[in-house]
Amino acid sequence: MFWPGLGLLLVALAIGSTTLLLNRWPIAPNAVEAPAPSSVIQEELVPQQAPKAFSEPMAAQEAPLPPSPLEEALMAPIQEPPADLEPEGLEGPYAPDPLVELVQRPEADGLLVQAEGVADQSLLILQVRRAFPALSQQEQQRRAELWQQWALQLGYDHLELRDSRSGLIARDALVGEGMIVLAESPST
């Protein structure tokens, strides 16, 4: 399953590590600067205090820079989304497409290729794979009725099953309930 914030997290990590490197990496002296006067050079050559021993830890020699807000965010532990947050609760561009999820359901056994909703007719059209007509008539009927339940759960009143050439294979009953599975696809 794709985690919607993963791409943003990877970009933030890349930016953060680049910022960290730039803040911590020693910067080369500017070669364009004018040379210092000789009086300044002589003053710099006279040490004002004894050099620090190499055995001292780096932290004792200089104080570390405080972390930037981006570094703090990158160092924070990754929190899992709350368990009560279901995909249906997501909105906007990261909301999962229910028709794509319907086609990918494990219970579909890979028999569905595509789902298309026609909202003004409250119709769901499912394109089935070539393996569907090869199933027994009873199995076709069982699957068609299962998929009709899925369509009703998504808010569609009508369901049509079509083959790869848009030939009608099954549709919901106009009178009564259930699905009518045609003996043979009209497009074959």
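These notebook entries record what I looked up in a predicted model of one protein chain.

**Entry 1. Overall layout**

I began with the secondary structure of the predicted model. The chain has seven helices and five strands. Reading along the sequence, I noted the pattern α-α-α-α-α-β-β-α-α-β-β-β. I then looked up the totals for the chain. Of its 188 residues, 21% count as buried. The chain exposes about 14,300 Å², and carbon and sulfur atoms supply 60% of this area. I also looked up the contacts with a sequence separation of 6 or more: residues 24 or more positions apart account for 47% of them.

Next I turned to helix α1, which spans residues 6–24 and contains Val 11. Which residues form a nonpolar patch on the surface with Val 11? I found Ile 15 and Leu 70, and the three together have about 240 Å² of accessible area. Val 11 counts as partly exposed because its relative accessibility is 48%, and the limits for that class are 20% and 50%.

Leu 13 is also found in helix α1. I recorded Leu 13 as partly exposed, because its relative accessibility is 37%. I then compared its position with that of Leu 70. Leu 13 and Leu 70 are 57 residues apart in sequence, and their C-alpha atoms are 9.0 Å apart in space.

**Entry 2. The largest nonpolar core**

I looked up the largest nonpolar core, which has 22 residues. Which residues have the most contacts inside this core? They are Leu 112, Leu 124, Leu 126, Trp 147, Leu 159 and Leu 161. The elements that give two or more residues to the core are the helices α5 (98–104) and α7 (137–153), together with the strands β1 (112–118), β2 (123–128), β3 (158–162), β4 (168–172) and β5 (179–181). Helix α7 gives the most, with four residues.

I followed Leu 161 in detail, leaving aside residues up to four places away in sequence. Leu 161 touches Leu 126, Val 128, Phe 132, Ala 144, Trp 147, Gly 167, Leu 168, Ile 169, Ala 170 and Met 179.

I also looked up Gln 148, which has its place in helix α7. Is Gln 148 buried or exposed? Gln 148 counts as buried, because its relative accessibility is 13% and the limit for buried is under 20%. Again leaving aside residues up to four places away in sequence, I found that Gln 148 touches Leu 159, Asp 172, Gly 178 and Met 179.

**Entry 3. Strand β3 and its partners**

I then examined how strand β3 pairs. In which sense do β2 and β3 pair, parallel or antiparallel? They pair in the parallel sense, over five bridges. Here Ile 125 stands opposite Glu 160 in β3.

β3 and β4 pair in the antiparallel sense, over three bridges. The bridge partner of Leu 161 in β4 is Ala 170, and Ala 170 is also among the residues that Leu 161 touches. β3 and β4 form a hairpin with five residues between them. In the turn of this hairpin, Ser 166 has a positive phi of about 65 degrees.

For reference, I noted a general point: in a regular strand the side chains alternate between the two faces of the sheet.

**Entry 4. Salt bridges around helix α7**

Finally, I looked up the charged pairs. The count comes to six salt bridges. One of them joins the side chains of Asp 109 and Arg 143, at 2.6 Å from N to O. This pair links distant parts of the chain: Asp 109 lies in the loop between α5 and β1, Arg 143 lies in helix α7, and they are 34 residues apart. I recorded Arg 143 as buried, because its relative accessibility is 8%.

Arg 143 also meets Glu 139 in a salt bridge, at 2.9 Å from N to O. Both residues lie in helix α7, four residues apart, which is about one turn of the helix. The side chain of Glu 139 also forms a salt bridge with Arg 142, at 2.8 Å from N to O. Arg 142 and Glu 139 are three residues apart in helix α7, again about one turn. Arg 142 is partly exposed, because its relative accessible area is 44%.

Which residues are linked in a network of salt bridges? I listed Asp 109, Glu 139, Arg 142 and Arg 143.

Definitions and conventions. Residues are numbered from 1 along each chain as its sequence is written. This is a predicted model: local features need pLDDT of at least 70, side-chain atom pairs count only at pLDDT 80 or more; totals for chains, interfaces and linings use all residues. Side-chain values use heavy atoms; hydrogens and water are left out. Patches are made of residues with over 30% relative accessible area and no salt bridge: like charges are joined within 9 Å, nonpolar side chains (Val, Leu, Ile, Met, Phe, Trp, Tyr) within 5 Å. Accessible areas come from the Shrake-Rupley method with a 1.4 Å probe; for residues, only the protein chains shown count as cover. A salt bridge is a side-chain nitrogen of Lys or Arg within 4 Å of a carboxyl oxygen of Asp or Glu. Buried means under 20% relative accessible area, exposed over 50%, partly exposed in between (1.4 Å probe, protein chains only). A nonpolar core is a set of buried Ala, Val, Leu, Ile, Met, Phe, Trp, Tyr and Cys residues joined through side-chain atoms within 4.5 Å. Contact means heavy atoms within 4.5 Å. Two strands pair if DSSP finds at least two bridges between them.
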